[in-house]
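Subject: Structure for your files

Hello,

I am passing on the structure below for you to look through. My notes on it follow.

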Amino acid sequence: MPHLPSGTRVSVMVDREGKCKRGEKRYTGSTVHIGNGVLEVTRTDIFKNFLKDGVAVRVDERLISVPSFDALDSNLFLLQNLPSLVVSHVLDPQPGNLVLDMCAAPGGKTTHIAQLMGNRGTVIALEKVGRKVTELKALVNRLGLSCISVHQCDSTMAYQDSATDDLVPPFGKNVFDRVLVDVPCSALGQRPQLSISARLPEISSYPAYQWGFLADAALMCKVGGTIVYSTCSLPVQENEDLVARLLRERPDIQLVSGYPSLGGPGLASSDLTADECKMVQRFTPDSYGRVNTDTIGFFLAKFVKVDVAEL
């Protein structure tokens with residue numbers, strides 16, 4: 001239909017292949033029906049007048065039961081999924097701690113950590129991309145968290161053996177009480193995802209990249225300190241296999257159980273022992289975890305650094 005006036009009842013579809021052209025009147029590609037609603041503007045407004053924001057369709061019949069959070073005040077609430085909230089509690093930051101968040105943007109975990117510390121101590125937040133650094137600083141300022149120090153830094157170069165400053169990157173050995181390693185990943189656990197554009201070579205490249213973050217975290221963490229490693233991905237190569245490698249190569253790093261323990265165990269097909277699988281946490285959409293919940297796919301593991309002389 002070339003002309004759709006406001007008030008017209010329409011169905012809302014998602015283009016699974018990303019091939020639908022702007023203003024196309026009849027699309028025969030693969031789609032998913034997500035709901036029905038009423039046009040708030042005309043089709044001409046959308047495609048010829050190039051409206052950039054506002055409500056185009058007032059959806060009143062949803063096929064996916066996801067509640068709207070539009071009414072929440074962003075100055076009072078910061079939305080996170082359950083596994084991300086668990087990560088900060090498992091890290092267990094204490095007031096007065098020196099904490100490193102190696103991959104801080106967009107800032108949900110960073111600011112949660114600072115709040116758990118009562119805004120007392122120091123959280124060093126590293127982010128590589130300038131635009132994300134600006135957005136992260138704005139979030140920190142909006143929430144009034146003065147204990148967070150944001151730095152534009154490629155965390156693959158955050159460690160330097162000769163570094164002497166504990167508050168400005170690069171950092172040396174045995175500096176931080178807590179280190180969060182929420183690494184870039186293939187994000188295969190994110191939901192909702194109607195399609196995945198990443199190809200196998202890209203997905204296969206992540207473990208080697210992630211290992212650099214985790215290995216440096218082990219160096220920068222103090223003896224007696226805590227490291228938490230996390231991804232929003234599902235492949236064992238990005239998760240259990242890297243945990244097993246760290247335990248093999250670093251006798252001063254020990255895997256421990258994290259609290260709260262809400263996820264399911266690690267995969268038995270990995271390089272971890274049965275007991276070690278029970279110490280890590282996997283969250284999956286099929287709700288097989290230790291609580292009856294439905295989350296994104298996620299993985300986390302907690303380590304402590306010990307004095308090898310005492311082993």
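Apart from neighbours within four places in sequence, Met 102 is in contact (heavy atoms within 4.5 Å) with Leu 126, Ser 155, Val 179, Leu 180, Val 181, Phe 213, Ala 217 and Met 220. This is a predicted model, in which local features need pLDDT of at least 70 and side-chain atom pairs count only at pLDDT 80 or more, while totals for chains, interfaces and linings use all residues. Residues are numbered from 1 along each chain as its sequence is written, and side-chain values use heavy atoms, with hydrogens and water left out.

Met 102 is also among the residues with the most contacts inside the largest nonpolar core, which has 37 residues. Such a core is a set of buried Ala, Val, Leu, Ile, Met, Phe, Trp, Tyr and Cys residues joined through side-chain atoms within 4.5 Å; buried means under 20% relative accessible area, exposed over 50%, and partly exposed in between (1.4 Å probe, protein chains only). The elements that each supply at least two residues of this core include β4 (98-101), β7 (176-182) and β11 (298-305). Helix α5 gives the most, with seven residues. Helices (H or I, at least four residues) and strands (E, at least two) are DSSP runs, numbered from the N terminus. A second, separate core of 26 residues includes Ala 104, Leu 136, Leu 145 and Ile 148.

Helix α3 (residues 108-116) is mostly covered, with seven of its nine residues buried; Lys 109 and His 112 are among them.

Leu 72 lies in the loop between β3 (57-62) and α2 (82-91) and is partly exposed, at a relative accessible area of 34%.

Regards
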